[in-house]
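Subject: A structure for you to look at

Hi there,

Here is the structure I promised to pass on. Please open it alongside this note, and take your time with it.

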Amino acid sequence: MRIKNHDVVQFIEHHKWCGCLGIVVKVRQSGRVMVGVPIPQKGTAYMLAQPDEVEVIGRAAMIPQE
């Protein structure tokens, strides 16, 4: 399955953020994806991941303003 912007993903067990959910905010030409993970009362953490480090859960119904 091809990962697209606004996909909701979960990091798999081989990633530092294992189990966390995030929203894909950018798919880079290198194939890596930038994932935004909301952190309550702290904002959003952004990290790069390989496509094989995340599992697509679905599509975000609402997207935060950029």
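First, some ground rules. This is a predicted model, in which local features need pLDDT of at least 70 and side-chain atom pairs count only at pLDDT 80 or more, while totals for chains, interfaces and linings use all residues. Residues are numbered from 1 along each chain as its sequence is written, and side-chain values use heavy atoms, with hydrogens and water left out.

Five strands form an open sheet in the order 4-3-2-1-5, with antiparallel pairing. Strand 4 (43-49) and strand 5 (54-59) are the edge strands, each pairing on one side only. From one strand to the next, the twist averages 40° (axes are lines fitted to C-alpha atoms, for helices over the stretch in contact, and angles run from 0 to 180 degrees between N-to-C directions). Strands here are DSSP runs of E with at least two residues, numbered from the N terminus, and two of them pair if DSSP finds at least two bridges between them.

Strand 1 (7-11) and strand 2 (21-27) run antiparallel and are joined by three bridges. On its other pairing, strand 1 meets strand 5 in the antiparallel sense over five bridges.

Is H15 buried or exposed? H15 counts as buried because its relative accessibility is 13% (buried means under 20% relative accessible area, exposed over 50%, partly exposed in between, with a 1.4 Å probe and protein chains only). H15 lies in the loop between strand 1 and strand 2. Leaving aside neighbours within four places in sequence, H15 is in contact (heavy atoms within 4.5 Å) with L48, A49 and E53. A polar atom of the H15 side chain also lies 3.0 Å from the backbone nitrogen of W17.

I57, in strand 5, counts as exposed because its relative accessibility is 51%. Not counting residues up to four places away in sequence, I57 touches V8, V9, Q10 and L21. The C-alpha atoms of I57 and L21 are separated by 8.8 Å, although these residues are 36 residues apart along the chain.

Enjoy exploring!

Best wishes

Conventions. Helix = DSSP H or I, 4+ residues; strand = E, 2+ residues; numbered from the N terminus. Polar contact = N/O pair within 3.5 Å; in protein donor to acceptor, adjacent residues only side chain to side chain.
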